Structures are given as structure tokens and as C-alpha cells.
Amino acid sequence: MLGKEISTTDEFVKGLWRDNPVFVQVLGMCPALAVSNTAINALTMGLATTFVLLMSGICVSALRNFIPREARIVSFICIIASFVTAVDYLIMAISLELHRSLGAFIALIVVNCLILGRAEAFASKNTLGRSVLDALGMGVGFTVALLWIGVVREILGSGSLFGVNLFPDTFQTWTVMVLPSGGFFAMAMWLLLVNRLKQKETEAEKQIQEATP
Amino acid sequence: MNIPGPLQQPPTSAWSMYRAIVGIGALCALLIVTVYETTADRIRENQEKFLARAISEVLPEAQSTIAVALTDDGGLKESVEATTLPVFLGYGAEGKLVGAVVTAQGMGYQDNIRVLYAYSFELDAIVGFKVLDSKETPGLGDKIEKEPHFLANFERLDATLTMDNDALLNPIVTVKQGQKTEAWQLDGITGATITSDAIGKILNASANTWVPVLKQNSQAFSRREPAED
């Protein structure tokens with residue numbers, strides 16, 4: 001998008017579809033595959049990541065003139081790790097069951113390359129307002145993508161959605177979908193679909209360009 | 001030919017590096033301490049509620065409980081100290097001792113498994129079981145938490161002691177699914193062999209330690225004033 005003036009709405013919207021962190025940038029795969037076995041886990045993980053993304057984006061952007069270039073990675077990691085620790089305590093305070101089901105993956109948000117990537121590539125070079133929109137867009141894009149994977153895995157693997165049974169008892173669940181390999185299957189299926197849609201979009205754009213003299 | 005070198009940036013002074021790193025470190029420390037202090041009470045409350053709910057699930061007859069610990073000479077004393085593996089005595093409606101609830105842990109297939117089980121003095125048996133912490137494989141190992149035939153083991157799992165009341169008469173062991181013949185055997189889970197074996201080992205080790213002590217001291221703790229509500 002070099003040379004083009006990016007509108008503030010575009011800053012938010014780009015994370016949802018065009019630069020979706022999971023389906024386009026393929027970032028943050030560890031939590032996307034590991035904790036998307038149920039819809040509620042996927043949603044919580046997505047929201048926790050969005051919170052860390054937003055708060056670290058705000059801090060990095062606000063402190064961008066204060067952090068020297070040589071010390072930026074250590075500073076970003078320190079900021080991100082602190083917010084992850086805060087999220088860990090907050091989830092424990094909200095629900096222990098939820099904290100249990102997410103296990104070690106809350107702590108692992110620290111090493112989610114999506115967050116460090118946005119801090120380094122965007123928040124450290126842009127104003128506070130734009131960084132907030134970028135973080136929110138990327139966070140919502142990440143959460144929605146995780147939720148899509150989680151919904152498919154829970155419906156097929158457990159026969160339920162958000163813990164509510166959808167099928168009669170005779171439904172044979174696909175256990176493989178709740179196992180780690182199921183994460184890859186669901187992810188591959190969505191990648192195929194999203195890429196196909198994107199391809200169609202490009203073709204349509206090309207046709208319009210060719211048609212206009 | 002002139003090849004352009006990398007962009008020259010003015011060198012950063014040591015002071016601004018110190019200022020940034022120490023400043024950010026201090027801010028982060030402040031954030032963590034604030035969140036910890038704000039949530040600590042709520043988290044403790046949640047943990048207590050979770051444990052209380054688990055106790056009433058495994059020993060529903062208990063109306064009130066007291067935490068107990070081992071004394072230096074192998075006896076039993078009431079204790080309020082927090083521990084990772086607490087043991088409780090449960091009292092019924094009239095303040096009569098109905099059973100004990102013991103926390104135990106051991107290695108499973110993926111990680112440590114922490115469980116809670118109820119021991120009935122009257123039946124000399126384990127009469128309730130719940131998994132507190134487990135990271136066993138979803139869909140396979142985690143069947144120890146929900147598989148009905150496995151949970152049926154704990155309706156009355158024999159834990160009779162020897163004549164001297166110092167050890168279990170028969171060790172608690174896990175057998176292959178469908179091959180349970182004795183009251184002290186655990187009917188295992190096909191597909192979760194290691195996890196269901198681990199439960200047998202955890203219960204056997206813990207029951208061998210705790211059941212003799214509980215049984216020997218049950219007279220001293222047999223009654224308690226009913227809790228006033």
C-alpha cells in the first residue's frame with residue numbers, strides 16, 4: 001500500500017480480511033492450532049490476545065520516541081510479557097475452569113509472533129490512534145479466525161457448540177478433530193476456502209480493470 | 001563505483017538506553033504488582049469455591065469439613081495451613097464423621113494429574129472421585145473425567161485395611177477394560193491405558209499412606225458440633 005494514503009477505517013478493516021493474521025499472514029499458529037479445540041477456548045484465547053495486542057500497541061506507540069532502536073526488542077517483550085501476566089491473573093479471577101482449559105497457552109501469548117510483529121512493524125512507527133485501530137483490527141481478525149477453527153472442531157469433534165449438544169446421542173464424534181491434528185485439518189480447510197475467495201476477488205478486479213478503457 | 005552503505009544513524013547514548021530499559025522495567029513491575037494485588041483475593045476465593053464444590057461432589061453427605069494434617073509422630077491434627085495436597089474430614093448433619101476427602105497427585109501421560117477422592121469409614125471404600133488438574137490428551141486421556149464406566153469404579157472401590165490397620169489389604173490396581181473381577185480393581189479405559197493406570201497408582205499410593213492414619217484416628221475426630229448457619 002506504499003504511496004497510498006491509508007484511511008483510518010482501513011487501518012482497522014485490513015486485519016479482518018485483507019491482512020488477516022491467521023488466514024493471510026499465517027502468524028500466531030501455536031495458539032491458533034492448540035487451543036481451538038472448542039469454540040469457547042478459541043474465543044477466550046482470541047480475546048486475551050486482542051487485549052495484549054491492544055495494550056502493548058498503546059504502550060509501544062506512546063513510548064516510541066523514548067525507546068532507543070537498539071533496546072526496542074527487549075522493551076517490547078518486557079511490555080508484552082507484563083500484559084500477558086496481567087491477563088493470566090485476570091482470567092484466573094474470572095474463572096478457574098476457563099484458566100484450566102487454556103493451560104499453558106495464556107503464558108505463551110508472550111511468544112505469539114503476531115504481537116511482537118505488530119509492535120515492531122506498526123506501533124513503533126505510527127501514532128497512538130492508528131496503532132489502536134491496527135491492534136483492534138488485527139485482534140478481531142485473529143479472534144474471528146480462531147473462532148471459525150474452533151467452531152468447526154467442536155461441532156465435528158464433540159458434537160456440540162459452546163458446550164450445547166447439537167446432535168442426538170447416536171452421532172459419532174470425530175475424535176481426531178479435538179486432537180492436535182484436527183487443528184491442522186480445520187486450518188487447512190479454512191485456508192483453502194479463504195484463498196479461493198481471495199483468488200476470485202482478484203480475478204473479478206482484473207476483469208473490471210480490463211473492461212474499463 | 002560508489003555503493004551506498006547502510007543508513008548511518010546517530011549513536012544512542014548509554015544514558016538513554018538505561019533510561020528506557022529501567023523505566024519500562026519499573027512501569028511493567030508496577031503493572032504486574034497492581035494487577036496481582038487487585039485480583040489476589042478474588043483468585044483465592046475462586047480456588048476455595050472450586051475446592052469446596054469438588055468436596056461436596058465427591059462426598060455429598062458432608063455438611064461441613066475440617067482440614068487435617070499429619071503430626072510428627074504420625075497422628076492427625078486439625079490444620080489451617082495451606083498445602084498443595086490438603087486432606088479433609090467431612091461431617092454430616094448431626095456432626096457425625098461421615099468420611100474423608102483426600103487430594104493426591106502423580107504423573108499421568110502428559111503431565112501431573114491431581115485428583116480428589118472420598119473415603120468412607122463405614123464402607124471402608126473409596127466412594128467418590130474427581131480430577132482437579134489434568135492435561136491429559138483431549139478425547140483420550142481426559143476420559144478419566146467423564147467416561148461413565150470408569151467413574152462407576154468409584155461408587156464403591158474397596159480400600160479395606162489389614163488387621164493391624166497399617167496398610168491396604170489389597171492394592172488398588174487398574175485392569176484392562178472389562179476385566180474387573182475384584183472390588184479393589186479399577187476397570188481401565190481402552191485408548192487411555194497410561195492415564196487410567198496412573199489413576200490406579202495415584203490412588204493406591206495415597207490410600208496406603210492416608211487411609212491407615214485416618215482410620216486409626218477416626219475415633220478422636222468422630223464428632224463435631226454441627227456448624228451454625
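Read along the sequence, chain B follows the pattern α-β-β-β-β-β-β-α-β-β-β-α, which comes to three helices and nine strands. Helices (H or I, at least four residues) and strands (E, at least two) are DSSP runs, numbered from the N terminus. The model is a predicted one, in which local features need pLDDT of at least 70 and side-chain atom pairs count only at pLDDT 80 or more, while totals for chains, interfaces and linings use all residues. Residues are numbered from 1 along each chain as its sequence is written, and chains are lettered from A, with ligands numbered from 1, in the order in which they are written. The mean pLDDT of chain B is 88, and 93% of its residues reach 70 or more; pLDDT is the predictor's confidence in each residue, from 0 to 100. The model as a whole scores ipTM 0.83 and pTM 0.76.

The overall form of chain B may be considered next. Its C-alpha trace spans about 95 × 45 × 35 Å along the principal axes. The radius of gyration of chain B is 26 Å, whereas a compact globule of 229 residues would have a value near 17 Å. This radius is taken over C-alpha atoms, and the globule rule is 2.2 Å times the number of residues to the power 0.38. Of the 229 residues of chain B, 29% count as buried. A residue is buried if 20 or more other C-beta atoms lie within 10 Å of its own, exposed if 12 or fewer, and partly exposed in between, with C-beta atoms placed from the backbone.

Among the strands, β6 of chain B holds Val131(B). This residue counts as partly exposed because it has 18 C-beta neighbours inside 10 Å. Val131(B) touches Ile113(B), Val115(B), Ile144(B) and Glu145(B), not counting residues up to four places away in sequence; two residues are in contact if their C-beta atoms, placed from the backbone, lie within 7 Å. The loop between β5 (112–120) and β6 (125–133) of chain B contains Asp124(B), which has a positive phi of about 50° although it is not a glycine. Most residues other than glycine have a negative phi.

Chain A comes to eight helices and two strands, in the order α-α-α-α-α-α-α-β-β-α. Of its 213 residues, 38% count as buried. Phe162(A) is found in the loop between β1 (160–161) and β2 (164–165) of chain A, and it too has a positive phi of about 50° without being a glycine. Phe162(A) counts as exposed because it has 12 C-beta neighbours inside 10 Å.

The contact between the chains takes 23 residues from chain B and 24 residues from chain A. On the chain B side, helix α1 (residues 14–58) gives the most, with 17 residues. The residues of that side divide into twelve nonpolar, eight polar and three charged. Here Ala, Val, Leu, Ile, Met, Phe, Trp, Tyr, Cys and Pro count as nonpolar, Asp, Glu, Lys and Arg as charged, and the others, Gly among them, as polar.
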